[in-house]
Amino acid sequence: MFNVILIMLITFSLWGTSVNAVEVQNHTKAKAALTPSSDFSFVILQYHHVSSDTPRVTSVSPEEFEAHMAYLAKNHHVVSLESALYSIKNRTALANKSVVITFDDGYKNILENGHPILRKYGFEYTIFINPDQIGVINTQLTWKDVEKMSNEGVTFANHTLEHIHLLDRKSQESKSKWLTRIKENITEAENQLTHQLGYSKKWLAYPFGEFNVSLRNMLADMGYTAFGQHSGAVGQYSDLLSLPRFPAAGRYSSLDTLRTKMNSLAMPVTKVSPLKYLIGLEQTLGSVHVDILLDDINLGTVACYFKGSSLPILKTNTGFSFDIEGAFYAGRARVNCTAPSIKQSDRFYWYSIPFFTPKEDGTFLD
Ligand SMILES: [Zn+2]
């Protein structure tokens, strides 16, 4: 209990004046096992299928899923998305090494193969669904399934009505018409969820993880919290409209690599400039500046990767920068940055920035 109060004190001070934070830290140095940057850190895992018969890239086999859950039960605290979000929104401490389990797309095999395992471990979890496909496509859950799972503690949230590419613009569609169309789609999906479930979380998982700054800002105005598909842990400096999740399927399903991600900390990034997610075809990005807090990170150990290659890192007065020189081509790309924690030597801070580039016709790849 005392530790919890200490953590809260340190954090409230950090959000007040930094002088107080330093004083509290100095007084509690010996006792505080956690650092301010890591106090509210948690990880969100993203799954789709739990099946051996579905596309490998978005699937874990039931055996792999069981192994993941057994590992989490032994080494982590699995918490609901609700309580994890409450923690960062209200600055209340969360159990160390907390992990949230989410699924996208509402496949029936989640109920058939995943749900019994999750029930066995008593893990709460969230599924982002497309209301127009529920009970319509035969590989999807029915509303009856949704109701049954909801009664058994599963939370359902918004993944748009019918899994559209949110950044696709129709020909001749103005920016304001595009935003209005997206707003109507998301609102109608949320209305259907509310009608079927009796609650509205206003949580949106971007289909394909795709968003841009205009969409992000509109969702902020609409009161949503939104989730991408880029890697990283969530913490007190995370943008609530572009929260990262670690994909845990296909080539990412091996516990050899997944355990490092489950154990990761949210890199305390306070600013990224330019903040740009949508990069036009064959355009370049150039220099990106990332401001971070350095209470538990040695700048010399920050490593960033883009398309499998290490990016040279330059130190700046407020953090670091890197250059992305090549042109962007249609599809999704991301920069992943990591740095080891000074105080918890077996843990890494993790942050990534996703980029989305349309095809020549202005639409986006699946
Ligand atoms: Zn999806």
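Because the model is predicted, local features are reported at pLDDT of at least 70 and side-chain atom pairs at pLDDT 80 or more, whereas totals for chains, interfaces and linings use all residues. Residues are numbered from 1 along each chain as its sequence is written.

The protein chain contains 9 helices and 19 strands, where helices (H or I, at least four residues) and strands (E, at least two) are DSSP runs numbered from the N terminus. Of its 366 residues, 40% count as buried. A residue is buried if 20 or more other C-beta atoms lie within 10 Å of its own, exposed if 12 or fewer, and partly exposed in between, with C-beta atoms placed from the backbone. Among the contacts in the protein chain with a separation of 6 or more, 68% are between residues 24 or more positions apart; two residues are in contact if their C-beta atoms, placed from the backbone, lie within 7 Å.

Two helix pairs were examined. The axes of helix α3 (residues 62–75) and helix α5 (residues 108–121) come within 10 Å and cross at roughly 20°. Axes are lines fitted to C-alpha atoms, for helices over the stretch in contact, and angles run from 0 to 180 degrees between N-to-C directions. The helices α3 and α5 are therefore roughly parallel to each other, given that angles under 35 degrees count as roughly parallel, over 145 as roughly antiparallel, 65 to 115 as roughly perpendicular and the rest as oblique. Their crossing is right-handed; a crossing is right-handed if the near helix is turned clockwise from the far one by less than a right angle, and left-handed if anticlockwise. From α3, the contact involves Pro 62, Phe 65, Glu 66, Met 69 and Ala 73, and from α5 it involves Asn 113, Gly 114, Ile 117, Leu 118 and Tyr 121. This contact has 7 nonpolar, 2 polar and 1 charged residues, with Ala, Val, Leu, Ile, Met, Phe, Trp, Tyr, Cys and Pro counted as nonpolar, Asp, Glu, Lys and Arg as charged, and the others, Gly among them, as polar.

In the second pair, the axes of helix α7 (residues 175–197) and α8 come within 11 Å and cross at roughly 50°. The two helices are therefore oblique to each other, and α7 passes α8 in a right-handed crossing. Lys 175, Leu 179, Ile 182 and Lys 183 of α7 meet Ser 214, Leu 215 and Met 218 of α8. By class, 4 nonpolar, 1 polar and 2 charged residues make up the contact of α7 with α8.

An open sheet of 4 strands has the order β12-β13-β17-β16, with antiparallel pairing. Strands β12 and β16 (314–315) stand at the edges with a single partner strand each, so one side of each is left without a neighbour in the sheet. Two strands pair if DSSP finds at least two bridges between them; β12 and β13 run antiparallel and are joined by 4 bridges. Val 269 stands opposite Ile 292 in β13.

Strand β14 (residues 303–306) pairs with β18 in the antiparallel sense over 4 bridges, and Cys 337 in β18 is the bridge partner of Cys 304. A further 3 bridges join β14 to strand β15 (residues 309–311), also antiparallel, with Phe 306 bridged to Ser 309 in β15. β14 and β15 form a hairpin with 2 residues between them, and Lys 307 in the turn has a positive phi of about 50°. Cys 304 and Phe 306 lie on the covered face of β14, whereas Ala 303 and Tyr 305 lie on the uncovered one. In a regular strand the side chains alternate between the two faces of the sheet.

Most residues other than glycine have a negative phi, and most peptide bonds are trans. Asp 105, in the loop between β5 (98–104) and α5, has a positive phi of about 95° and is buried, with 22 other C-beta atoms within 10 Å. Phe 208, in the loop between β8 (203–205) and α8 (213–221), has a positive phi near 60° and is partly exposed, with 19 other C-beta atoms within 10 Å. A cis peptide bond with omega of about -5° joins Ser 273 and Pro 274; Pro 274 is placed in the loop between β12 (269–273) and β13 (286–292).
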